[in-house]
Amino acid sequence: MSKRVQKWMHDQRDTNRWRNTDAMYRAAVVGIGLVVAGVLLHEVALVLFGAPLLISAILAMARSYPGAPDVRQPKLPRALEQGQFAEAVFEIDADPGVELVALRAPHGKIRGAGPVHLLPGTVKNVRTTLGHGGWGEGVDLRLDRLFAGPDALRVFGPIVGIEGRRTILPPVTLLPAGPLPPRPASLVGVHRSPRPGDSTELRDIRVFQPGDRLRRVDWRVSLRASASAGGVMSPSVLHVRERHADADASLVLAIDTRVDVGAELADWATALPGNNVRPGGSLDTSVLAACSLAASYLRQGDRVGLVDLGRPQLSLAPGSGPRQLLRLRHQLVVCTRSAGWSSKPLLRPQQAPAGSLVMVLSPFLDDAMVELAATVVRRGTRLLAMDVLPDPLIADADDPWGDAVLTVLRAEHAVRLETLRQHGIPVLRWGDEASATLRRLARGRR
């Protein structure tokens, strides 16, 4: 291979510089051919067809190369709410020799080829709106561009833009929070602790003891005790009001990220492209339920943590406050991005503090989840099971055994849920039933 051919091939691969297109070489070759043929054959029409092609190629070769155009991308927040839109303004700096700009700005759920927009070379700013229909991690802000000179005989590019990853946080729906067991490890929160403290709820009235504060003395009871003792006021007749301490509670949301199934059984074996989550599937429902439950309990001062049963290393320790809710929503996106099958779910004892409530969100499609729930209950941990299997399920119409498979699947699922109830584990479904069950648990403890 000659050096000239190698240089030409290298120029074709190098798109980050101005280069001659194949159209220029074709115009020169075809123009010369038509002009020569017209002169030899004495055909004016051939000369008239070839002369413009030849002249345009010569003029393009005679012009100097314009400077390298520059595109500056804006800085946008890394996280957005679902349904929130952000306007991005790209600044283009190109020489006057640029006559045409071809841009392609994928956004939202577009990953590869998107619509190409042709703009004049004098454009300086390009505005686009970034928006996402669903939650998760997406690629946007990638501006692919191609700059062309006169008659598009010289081009600069194409250049693939820098990808900007944006996290769309799962939405939050506030629910009426149910009861949580008191956690006497601290003395803040809205739940009653069995320990005495400085809350507003009366615990007992007892005899004054050394170390009690005088502001706790119940003078009505003390005066009645003094009257019964002959009217003598002494420390032995003083009585004080003892109140309950306020304690916070811990809620641990354990999500089964090993499977993600939808309502149609025919799609269970179909893998989604990338790291997408099935809309309305079990994993989507688990994430939405976890966000809503976390927001509701954090609002009343409780502590909420997250456990990924498939990958425990992605878990989040219990915490409180708005910052914990933001961290939990981000971590849920990370968990769904790394979701995949795991033969054995794990919930370590240190991930569920003493006195906490563990809420397992799973479709319960295998016996391993039932065994895990039973093991956690044997440790003395209070546990709730939330079934997120889509209902109703749709059998595979193309499979002659579709109805039989659906019947067996429903029977096995019902047996697993009944086994959980036999272990004393309340089972509920996400939706109105979840709120009703939490309110029912508020009226009485197990």
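A: First, the exposure terms: buried means under 20% relative accessible area, exposed means over 50%, and partly exposed is in between, with a 1.4 Å probe and protein chains only. This is a predicted model, so local features need pLDDT of at least 70 and side-chain atom pairs count only at pLDDT 80 or more, while totals for chains, interfaces and linings use all residues. Residues are numbered from 1 along each chain as its sequence is written, and side-chain values use heavy atoms, with hydrogens and water left out.

Let's zoom in on strand 9, residues 144-148. Helices (H or I, at least four residues) and strands (E, at least two) are DSSP runs, numbered from the N terminus. Four of the five residues of strand 9 are buried, so the rest of the structure largely encloses it.

What does strand 9 pair with? Two strands pair if DSSP finds at least two bridges between them. Strand 5 runs antiparallel to strand 9, and the two share five bridges; L100 sits opposite A148 of strand 9. Strand 10 (residues 154-159) is also antiparallel to strand 9, with three bridges joining them, and F147 has F156 in strand 10 as its bridge partner. Strands 9 and 10 make a hairpin with five residues between the strands, where D151 takes a positive phi near 60°.

Now the side chains. A salt bridge here is a side-chain nitrogen of Lys or Arg within 4 Å of a carboxyl oxygen of Asp or Glu, and that rule gives a count of 13. One of them links D144 and R104, at 2.8 Å from N to O. Because D144 lies in strand 9 and R104 in strand 5 (residues 100-104), this pair ties together parts 40 residues apart in sequence. What about exposure? D144 is buried, at 6% relative accessible area, whereas R104 is partly exposed, at 24%.

D218 forms a salt bridge with R241, whose closest N and O atoms are 2.8 Å apart. Here D218 is in the loop between strand 12 (191-207) and helix 4 (219-228) and R241 is in strand 13 (residues 239-247), so distant parts of the chain are linked, 23 residues apart. D218 is buried at 6% relative accessible area, while R241 counts as partly exposed at 32%.

Then there's R416 with D367, a salt bridge at 2.9 Å, N to O. R416 belongs to helix 8 (residues 402-422) and D367 to helix 7 (residues 367-378), so this one ties together parts 49 residues apart in sequence. R416 is buried, with a relative accessible area of 8%, and D367 is partly exposed at 46%.

A three-stranded sheet is next: it is open, its order is 2-4-7, and the pairing is antiparallel. Strand 2 (70-72) and strand 7 (125-130) are the edges, each pairing on one side only. Neighbouring strands of this sheet are turned by 25° against each other on average, direction ignored (axes are lines fitted to C-alpha atoms, for helices over the stretch in contact, and angles run from 0 to 180 degrees between N-to-C directions). Strand 4 (residues 86-93) pairs with strand 7 over six antiparallel bridges, and A86 stands opposite L130 there.

M24, A27, A28, G31 and G38 are buried in helix 2. Down the axis of helix 2, the buried residues fall within an arc of 115°, so they line one face; that arc is taken from the directions from the helix axis to the C-beta atoms. R26, V29, L40 and L41 are exposed on the other side of helix 2. The unreviewed UniProt entry places a "transmembrane region" at residues 23-41, though UniProt positions are given in the numbering used here, feature names are shortened, and annotations may be inferred rather than shown by experiment. Over residues 23-41 the chain is 100% helix and 0% strand, with end C-alpha atoms 26 Å apart. I58, in helix 3 (residues 44-62), is 34 residues from M24 in sequence and 9.0 Å away, C-alpha to C-alpha; I58 is partly exposed at 48% relative accessible area.
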